[in-house]
Amino acid sequence: MLPSTSETSGPAPTALERTLARHPRPLGGDTARSVGDAVVSLGELVLNNRESGAQHLRMGRKPPWLRAQAPGGEAFLRTKAIIDEHRLHTVCQEASCPNIGECWSRGAATIMILGDTCTRACGFCNVKTGRPPVLDLDEPRRVAEALARVRLRHVVITSVNRDELADGGAAIWAETIARVKAACPWMSLECLVGDFAGDESAIATVVAAQPTILAHNLETVRRMHPAVRPQARYERSLEVLRRFREGGVVVKTGIMVGIGERDDEVAELMDDVQRASRADVLTIGQYLQPTRNHLPVARWVEPGRFEQFRREGLARGFRVVESGPLVRSSYRADAQAALLGEPRPRPV
């Protein structure tokens, strides 16, 4: 059942100001600015984003199985201190991940490179959007130094989209991968990248750097792409995954459910991914609406349904399927990597 739209009074002015400051572009993604004809319309659900008098969907109560660990504790603070010292960004913070308490408490974090401002405005994502002010050329060095200190078996690095750059940030990606591999030879490295607007040279640059796992998320089913990812293309993302497979790396992708898709469309997506790339890893998690100005939750998917998705994914050829309400692309990524092969010896 969709959330009620009866609440139109909106948040307190200070809350609205904080949200607008975080999202300089139209909040919730520019769903009207879709290339080509849209095959789905959420016009009745995405409400206006005026600075005053804006309507808001009522964010309903989460079901009891959606309970995440609260941030805190010595290990959590130690991870935070390392991130702060090296002036690093994490998707855990920028995207308001519900698993930050659990992951940071066991020393796992997903580093986000190329800054904290994304040039795209997807309807589900809480990362700040706009035109990034600078390109930090020293970022690869700092990332490698920080990871050498924490000495993890496995690390995930992701990034914002940088469509204003000629190569979409591919050169920074390649340098970061090279530096991390040199500084942390014991570590398996997973990189979650964007589509580089389909640029073949940019994709080849990242693939040539040869991280252990190369991931690109489809996020949602084909029908929902114009509303959920207005600046991306379903077929283009499949092509990115295909190029990863040709490059000889482990291939991974992830999606959200509960944002308006049907179960049969999830199965169709699994088939599409396997035909395109024979991907190794698939993650499936519940969509959570970050703010009232993002796309609404269409349904709460029950744990039993997630287990069924897992079985269907394994039956279709994925080697690892991580499926559950709180699963995100990098959630338990270290355990996924271990299932794919023997982890490298940890340094003493």
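1. Apart from neighbours within four places in sequence, Thr220 is in contact with His225, Val228, Tyr234, Ile255, Ile259 and Leu269, where contact means heavy atoms within 4.5 Å. The residue belongs to the loop between strand E5 (213-215) and helix H8 (225-228); helices (H or I, at least four residues) and strands (E, at least two) are DSSP runs, numbered from the N terminus. Thr220 counts as buried because its relative accessibility is 1%; buried means under 20% relative accessible area, exposed over 50% and partly exposed in between, with a 1.4 Å probe and protein chains only.

2. On provenance, this is a predicted model, in which local features need pLDDT of at least 70, side-chain atom pairs count only at pLDDT 80 or more, and totals for chains, interfaces and linings use all residues. Residues are numbered from 1 along each chain as its sequence is written, and side-chain values use heavy atoms, with hydrogens and water left out.

3. Glu219 also lies in the loop between E5 and H8. Its phi is positive, at about 75°, although Glu219 is not a glycine. With a relative accessible area of 16%, Glu219 is buried.

4. A positive phi is likewise found at Leu114, a residue other than glycine, where the value is near 65°. Leu114 is placed in the loop between strand E2 (110-113) and helix H5 (139-150). Its relative accessibility is 3%, so Leu114 counts as buried.

5. Two packed helices are described by the angle between their axes and the distance between the axes. For helix H6 (residues 170-183) and helix H7 (residues 200-208), the angle is about 5° and the axes are 8 Å apart. H6 is therefore roughly parallel to H7. Axes here are lines fitted to C-alpha atoms, for helices over the stretch in contact, and angles run from 0 to 180 degrees between N-to-C directions; those under 35 degrees count as roughly parallel, over 145 as roughly antiparallel, 65 to 115 as roughly perpendicular and the rest as oblique.

6. Ala170, Trp173, Ala174 and Ile177 form the H6 side of this contact, and Ala202, Thr205 and Val206 the H7 side. By class, the contact of H6 with H7 has six nonpolar residues, one polar residue and no charged residues. Ala, Val, Leu, Ile, Met, Phe, Trp, Tyr, Cys and Pro count as nonpolar, Asp, Glu, Lys and Arg as charged, and the others, Gly among them, as polar.

7. Asp334 is part of helix H12 (residues 333-340). Its relative accessible area of 33% makes Asp334 partly exposed. Asp334 and Ser188 are 146 residues apart in sequence, and their C-alpha atoms are 8.6 Å apart in space.
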